[in-house]
Amino acid sequence: MPTNLSAILALGLVVTLCGCGGGGGGQKPANTGITVPPPTSNQDNSKPPWNSFADQIQDPSNLNQLAAEFETDEYDAMGALAMINASSAYARGASGAGVTVGVIDSGVYEEHIEFTQGGGDKVEYAGSDYSSGNPRSDDAIGHGTLVAGVVAANKDGFEVSSGVNMHGVAFDASILAYEIPLGSGGGPYDPIEVEQINFSDDNYFANRFTTMADQVDIINLSFGFSGVITSYTATQVESAFGLTIDALAQQNKSRGERSIFVFSAGNAWNDLDEFDNLVDATSPELMPGLPYLFPELKDHMLAVAAVDDSGEIAFYSNHCGVAADYCLVAPGGGDGNGNGNVETHERIWGPTPPEADGEVGAHYYGGAIGTSFAAPVVSGSLALLKQMFPTVGNHELAARLLTTANKTGIYSDSSIYGQGLLDLDAATRPVGALGVASGNNLNSGLSDIAVNTISVAGAGLGSSLVSALQGHNMALFDQQGFPFLRDASQLVQQSQPSLAASRLQHHEQQLSSGVRLQLGKNSNLIDHQGSGLQSDYLALQFGSQPNAYASDQNTIDRFMGINANPGWFFGVYADAFVTPNFNSDDSSFAAPWLNFARHGWSSGGAMNLGLGKFRVGMFEGSQFKHSGAGDLLTGPSENHSHGSLLEYALWSPAFSINFQRGFISEEESLLGASLGTNLGKLQDSGTDFFGLNGHVQFNSTWQGIFAVYLGATQSGLVENRGLFNVDKSISSNSWSLGLNSSPDWQTDDRLSISLHQPLRVQSGQGSLQLATGRTIDRQVTYETIDFDLQPQGREQQLELLYQFKLGDFSAATRVEYTYQPQHNLNNPSYGVIEFSLFKAFTR
């Protein structure tokens, strides 16, 4: 036992005690008139709606509602939680579960209901310095019991209206206590003379600090020596406390593994020394001030000053002063209304042992003020962060409380408030914009998520990627390197072309010169949801006679198009069995890969070979034209594609069939998908495809139409250049069936029914590396997801379209049902009923 233990002061004063006993009484009333009923339950029934913080993908939309559910009478009763916005941390899943906080103090009355967990106990001991000469008693451990309660008292749901009840900041955390006898701190202020500290005293503290640091990450110390840090030199302190400083420095550990020591700043403001002079308490006392003299301690030591319930510095609290860099303030009770009395609501409340005449096993509570009770508010807050971010370095947890503290208004005065008022809402949400790790180490920096996404259009590759990523989370990092989990499917920015028949006004006319003229106008002026716009288009076929083949062999037709799908000059489109307004997908009977070049130009011709026609065409373009407001980072790709298409067409009035072979090269994209720069390097990808389409004439009114296409894509992805990889060869297909009729009752009316499967990947494997978190030394951890590119679902679009004339207007009624949209089993099927009316082109 060191000779100077009497100088160790508990930095808080319990000003009111109240208690009750079960059974026949034993209650000692307090002057507040508050009584405590016998406890009936220790069950916490108000947990968040997920099992752990790791299960929480992001802030729920009803975060404020969830936070309000934690703001109970029990929450308010402790007197600190509302001011530090603790409910927001609870709503995000933080409770301190799995974290143990060290408390070096007078001891803990572990039998209290606030520390029991079912039939067990959340308090364990690392050691005790009580002896027969200085025995442990319930009175002696009162200070430590209240301190431990502020950290981790249970959340059990009792209502304050029926008695005193509270819960700690980290109500699911555990306590590891080391008992040391504490002095009262009474009498004139008497600064310690460090020259009187001997080796035994120094070794005593070094041993206790090391014992605790070897077992827990957070250690609360609500005691200290009298004497403001600015009264001493580094040489004096190192000579007296060299072993203690070494123990605090923890040089045998990495920065991230060093335990955080949380010291109360001291209660010397307004104190008088033995000469009745006011103490200069503009800085913390000796122990909490050590990092000022020894900067190597700043990483993992915090000094905590106290504010009262008004939020201003408490009348007794030392200021942060020279410790401003590592000091912050937290509620510690005080005279907030300035009336000269510390009233019930102005105190910090917590569990205490029973009084001497109290019934054994009773459960008491006390109201107190002091930086002793501000420090455990910070220690409990660190426990919440440790639970939420278990792989983040301890020094980063301490720094986060400092950087996220409220620095507005009066808290901008760092000489008093240091880094500001503790704010758990700010500490538990991302600091700055979330980003993606640029490499294997967070020190390499973060990149915007926009350059880490896969932008896809349509249901081809995008459907496979979305399905593969469902159920997986990825870690994004805030500007301090703290990981936040997000749904991994957010990596895929998927857009679907806006091709509804009502939005694409199509008109065609066979001119006397033999020219077949097709014009289209997009009625949309706004790019809805980033889906891209199909520009107004022009398609011309020279010398074309739809549905008829000239008897003269070797006659040549020509065609050209601007912003027209190249497939409209081939097969059933060229023969006018199908027009772009046949159904909502204006190209459902064309090879689906041609959509990648629909915004651009196409040109070619056809030669009559007697038994059929041979058609050939070339094209170049991109899939969409964006509106001026379009977001090129998250919208569809602007990458260009080019290629050619060959067709041999056989036709008769009763039956036609068209054999197609084509090739399309996509620049820096793959099946309409483009990669963010961090995911990989895409060069040109090429797709060879084969297909056939045609018609069957059932009678003079009804005809059937069919199309089927198969493609093989050679990926242009450069191996080992990013986080995303796919097979070199990927196969895909699409098909369509349709019925077309001109009803007898109206010459210009048209009825069509179609069933269509959009482009779907049939085979291929892929892999994607997802960041899942980080290590204490800021190394990024990754998980590799292997997936089948073939989606589990199969989208099918069933559509009925009836078009008719209303005077000079064209009208259409469309009924559509889409099954497993985007080829995703989990996407709900949906139906659409639409009526459209637009002015017809003048002939």
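This note sets out selected features of the structure shown above.

1. Basis of the note. The model is predicted, so that local features require pLDDT of at least 70 and side-chain atom pairs count only at pLDDT 80 or more, while totals for chains, interfaces and linings use all residues. Residues are numbered from 1 along each chain as its sequence is written, and side-chain values use heavy atoms, with hydrogens and water left out.

2. The disulfide. A search of the whole structure finds 1 disulfide, a term that stands for a pair of cysteine sulfur atoms within 2.5 Å. The partners are C320 and C327, whose sulfur atoms lie 2.0 Å apart. The link of C320 and C327 is left-handed, with -60° about the S-S bond. C320 is buried at 0% relative accessibility, and C327 is likewise buried, with a relative accessible area of 0%. Here buried means under 20% relative accessible area, exposed over 50%, and partly exposed in between, with a 1.4 Å probe and protein chains only.

3. Aromatic pairs. The search of the whole structure finds 17 aromatic pairs. Rings of Phe, Tyr and Trp (its six-membered ring) pair if their centres lie within 6.5 Å; planes under 30 degrees apart count as stacked, over 60 as edge-to-face and the rest as tilted. One of the pairs is F389 with F484: the ring centres are 5.4 Å apart and the planes stand at 65°, so this pair is edge-to-face. The pair links distant parts of the chain, 95 residues apart, with F389 in the loop between α8 (371-388) and α9 (394-404) and F484 in strand β19 (residues 483-487). Helices (H or I, at least four residues) and strands (E, at least two) are DSSP runs, numbered from the N terminus. Both F389 and F484 are buried.

4. A stacked pair. W593 and F689 form a stacked aromatic pair, 5.1 Å centre to centre with 20° between the planes. This pair also links distant parts of the chain: W593 is in the loop between α13 (571-574) and β25 (599-608), F689 is in strand β30 (residues 685-697), and the two are 96 residues apart. W593 is buried at a relative accessible area of 0%, and F689 is buried at 1%.

5. An aromatic cluster and charges over rings. Y204, F205, F209, F225, F241, F261 and F263 form one aromatic cluster. Elsewhere, R400 lies over the face of F482, at 4.1 Å from the ring centre, and K155 lies over the face of F171, at 5.9 Å from the ring centre. A charge sits over a ring if NZ of Lys or CZ of Arg is within 6 Å of the ring centre and within 35 degrees of the ring normal.

6. Backbone angles. Most residues other than glycine have a negative phi. N270, which is not a glycine, has a positive phi of about 75°. N270 lies in the loop between β10 (260-264) and α7 (290-293) and is partly exposed, with a relative accessible area of 47%. Q822, also not a glycine, has a positive phi of about 60°. Q822 is found in the loop between β38 (809-819) and β39 (830-839) and counts as buried at 15% relative accessibility.

7. A further loop residue. N699 is in the loop between β30 and β31 (702-714) and is partly exposed at 38% relative accessibility. The C-alpha atoms of N699 and A654 are separated by 8.6 Å, although the residues are 45 apart along the chain.
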